[in-house]
Amino acid sequence: MTDIAKLIENTIRADVRAVGGYHVPDSSGYVKLDAMENPYQLPDELRTQLGARLADAALNRYPVPSYRTLKDAICAKLGIPAGYDVLLGNGSDELITILATTIARQERDGSKRAVVMAPVPAFVMFSRSAQFAGADFVGVPIKPDFSLDLPAMLAAIDEHKPSLVFLAYPNNPTGNLYDAADMEAIITALGESGVVVVDEAYQPFAKVSFMDRLPQHPNLVVMRTLSKLGLAGIRLGYMTAAAPLLAEFEKVRPPYNVNILTQVAAEFALEHLDVLDRQAELLNVERTRLAAALAALPGVEVFPSAANFIALRVPDAERACKLLHGEKVLIKNLSKMHTLLANCIRVTVSTPQENDQFLTALKASLS
């Protein structure tokens with residue numbers, strides 16, 4: 001009989017065996033403030049209309065492989081520069097995988113692998129996707145105030161010659177916006193030797209973008225998702241770049257990677273983008289109120305955020321998370337991600353009621 005342990009040892013890559021899976025905790029019965037989701041659903045009238053639209057979807061057919069109608073809606077509604085197209089993904093996670101896979105070149109003798117680089121701490125999928133694509137990941141620590149360490153980034157670029165650099169704008173998990181001039185310097189430093197991806201997942205809240213800089217930088221990719229805008233459940237990401245570069249990434253995209261229900265739901269939502277934008281504004285107002293309330297608590301340090309979440313430092317993150325969990329409030333403990341995040345936690349900005357519930361539970365954990 002086959003020994004399953006031997007089978008895995010003989011067939012599964014050692015680096016894959018050595019890491020754990022991407023863990024998503026069960027949120028049943030909890031106030032879910034750990035995943036940067038929009039707490040608001042579409043209004044009932046729109047949900048009824050969407051249900052009818054979904055009922056007419058041709059589930060017996062593959063999607064139209066060009067996704068032209070959805071791409072046109074995204075280009076028209078979401079600020080894509082004239083003359084640029086978009087590539088769609090099953091969430092931005094798939095786009096990150098496509099990017100890492102496309103650049104993961106290797107010398108014939110295996111002596112040099114492609115390098116993916118990002119300031120750290122950063123979104124964990126940057127490093128995981130690089131690893132699984134067979135590239136090396138180089139993380140360059142940010143400064144204690146969470147700003148970019150530009151000299152360190154430029155030195156690392158000179159040393160490691162990355163093919164791909166990710167810059168999250170705003171950054172996850174810290175929530176801050178990097179200095180745009182520093183980002184420009186990195187894009188310029190890469191030039192013809194590497195691609196820079198500006199991840200704008202939280203753009204609906206930050207209201208700033210590198211989209212208008214695309215014509216000046218042929219090595220720039222701007223990536224976004226509809227998840228934070230209020231459509232996390234449909235899993236749709238998109239990215240844009242100069243046409244010749246985007247065409248290379250398109251070769252790696254799996255066929256029919258966006259399902260028909262996602263396409264129909266996204267097209268419908270974009271017809272009512274004003275509703276989602278108003279929800280984002282409500283969350284920005286709550287972000288200001290929540291940040292002020294947190295800053296007034298003893299022993300709490302609140303970091304500036306341009307996203308729909310707030311990072312903060314508490315006296316004992318482990319204790320705070322445990323007590324909040326006991327009060328059925330889920331947040332993210334950032335302490336183990338990086339030394340710069342010692343005793344830091346991250347909380348999603350939600351409805352006034354859920355934010356107040358979190359504040360009450362956090363106050364109790366600090367006493």
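Predicted model: local features only at pLDDT ≥ 70, side-chain atom pairs only at ≥ 80, totals over all residues.
Two strands are said to pair if DSSP finds at least two bridges between them, and by this criterion strand S7 (220-225) and strand S8 (237-241), joined by 5 bridges, run antiparallel. In general, the strands of a sheet pair through backbone hydrogen bonds, either parallel or antiparallel.

The sheet is open and consists of 7 strands in the order S2-S8-S7-S6-S5-S3-S4, with mixed pairing. Its edges are formed by strand S2 (86-89) and strand S4 (136-141), each of which pairs on one side only, and the twist from one strand to the next averages 25 degrees. Helix H5 (residues 91-103) packs on this sheet, where it touches S2, strand S3 (115-120), S5, S6, S7 and S8, and its direction makes about 155 degrees with that of S7. Helix H11 (residues 243-252) also packs on the sheet, touching S2, S6, S7 and S8, and the direction of H11 makes about 140 degrees with that of S8.

Both senses of pairing can be followed in individual strands. Strand S5 (residues 164-168) and strand S6 (residues 195-199) pair in the parallel sense over 5 bridges, and Ala168 stands opposite Asp199 in S6. Strand S8, by contrast, runs antiparallel to S2, to which it is joined by 4 bridges, with Gly89 standing opposite Gly237 in S8. In the antiparallel pairing of S7 with S8, Val221 stands opposite Ala241 in S8.

The side chain of Asn171 makes polar contacts with the side chain of Thr174, at 3.0 Å, and with the side chain of Tyr178, at 3.2 Å. When neighbours within four places in sequence are left aside, Asn171 is in contact with Pro121, Ala122, Asn176, Tyr178 and Phe309.

Glu37 lies in the loop between strand S1 (31-32) and helix H3 (44-55) and, with a relative accessible area of 31%, is partly exposed. The side chains of Glu37 and Lys32 are joined by a polar contact of 3.4 Å. Leaving aside neighbours within four places in sequence, the residues in contact with Glu37 are Lys32, Asn308, Thr348 and Val349. Glu37 and Ser367, which are 330 residues apart in sequence, are 29 Å apart in space, C-alpha to C-alpha.

The search for pockets gave a largest pocket with a volume of about 1400 Å³. This pocket is lined by 41 residues, of which Tyr22, His23, Asp34, Lys332 and Arg346 are the closest to its centre. The elements that give two or more residues to its lining are H5, helix H6 (124-133), helix H10 (227-231), helix H14 (317-326), strand S11 (329-330) and strand S12 (332-333), and the largest share, 3 residues, comes from H6.

Conventions:
Residues numbered from 1 in each chain as written. Heavy atoms only, no water. Axes fitted to C-alpha atoms, helices over the stretch in contact; angles between N-to-C directions. Contact = heavy atoms within 4.5 Å. Polar contact = N/O pair within 3.5 Å; in protein donor to acceptor, adjacent residues only side chain to side chain. 1 Å grid on protein atoms, 1.4 Å probe; cavity = no way out; pocket = protein on both sides within 12 Å on 5 of 7 lines; lining within 4 Å. Points joined across faces, edges and corners; volume = space filled by probe spheres on them. Buried < 20%, exposed > 50% of the residue type's maximum accessible area, 1.4 Å probe, protein only.
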